[in-house]
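Have the structure open as you read.

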Amino acid sequence: MARTSNQRSIPVWLFIIAAALIAARIVVTLQQKEEAGSVQTGERGGKTTSLVKWVPIEQAGTLARTTGKTIMYDFTAAWCGPCHALEDAVFSDRRLAKLINDRFVPVRVVDRQREDGQNQPAVQSLQARFGVRGFPTVVWADASGVQKTRMEGFRGAEAFEQTVENLR
């Protein structure tokens with residue numbers, strides 16, 4: 001008489017699918033962390049379409065002193081819709097990006113409070129120094145860190161360009 005079992009065997013393909021899903025999740029998580037890091041240092045990567053040549057925070061003061069340029073701090077966050085609009089309308093526009101690259105030392109300052117629970121010390125320091133209360137906030141400052149002007153929120157490419165022109 002044949003022996004019957006009440007236990008069901010788990011198909012091998014189910015284990016293969018589970019392993020593939022776990023591997024995909026790990027890859028996506030690593031890519032997200034890499035993209036966040038690339039935005040922080042100002043490098044292109046992921047969905048970033050910026051044509052601006054972002055400079056790391058640590059190099060901004062020295063570069064501003066040696067070139068005589070004003071520092072432009074872009075305070076931004078990954079979750080910020082108006083920040084993405086600024087990216088698309090200004091930092092991805094060839095003419096405006098060239099204007100920024102020619103006249104300023106551009107520094108992208110990415111807030112990671114919501115994602116990581118805290119910001120890097122350099123980010124915290126700059127946010128406190130310039131009283132950043134929301135995103136996007138763009139601050140233009142001299143090499144010693146004295147604010148020349150600022151723009152809070154995003155009111156369009158024309159308003160951004162007008163602010164830049166008024167800095168002459």
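Contact here means heavy atoms within 4.5 Å. With that in hand, which residues does F160 touch? Leaving aside residues up to four places away in sequence, F160 touches M72, L86, V90, F91, I100, V138, W140 and M151.

A word on ground rules: this is a predicted model, where local features need pLDDT of at least 70 and side-chain atom pairs count only at pLDDT 80 or more, while totals for chains, interfaces and linings use all residues. Residues are numbered from 1 along each chain as its sequence is written, and side-chain values use heavy atoms, with hydrogens and water left out.

F160 also turns up in the largest nonpolar core, a set of 17 residues. Such a core is a set of buried Ala, Val, Leu, Ile, Met, Phe, Trp, Tyr and Cys residues joined through side-chain atoms within 4.5 Å; buried means under 20% relative accessible area, taken with a 1.4 Å probe and protein chains only. M72, V90, F91, I100, W140 and F160 have the most contacts inside this core. The elements below each give two or more residues to the core; they are DSSP runs numbered from the N terminus, helices being H or I of at least four residues and strands E of at least two.

| Element | Residues |
|---|---|
| α3 | 81–91 |
| α4 | 94–103 |
| β3 | 137–141 |
| α7 | 157–165 |

Of these, α4 gives the most, with four residues. There's also a second, separate core of 16 residues, which includes I57, A60, I71 and A141.

Now for the sheet. Its four strands run in the order β2-β1-β3-β4, open and with mixed pairing, where two strands pair if DSSP finds at least two bridges between them. β2 (104–111) and β4 (147–152) each have a single partner strand, so one side of each is left without a neighbour in the sheet. β3 and β4 pair in the antiparallel sense over five bridges, and A141 has Q147 in β4 as its bridge partner.

Finally, the cysteines. C80 and C83 form a disulfide, with S to S at 2.4 Å; the rule is a pair of cysteine sulfur atoms within 2.5 Å. Why is the disulfide right-handed? The torsion about the S-S bond of C80 and C83 is about 80°, so the disulfide is right-handed. C80 is buried at 2% relative accessibility, and C83 is buried too, with a relative accessible area of 6%.

Definitions and conventions. Buried < 20%, exposed > 50% of the residue type's maximum accessible area, 1.4 Å probe, protein only.
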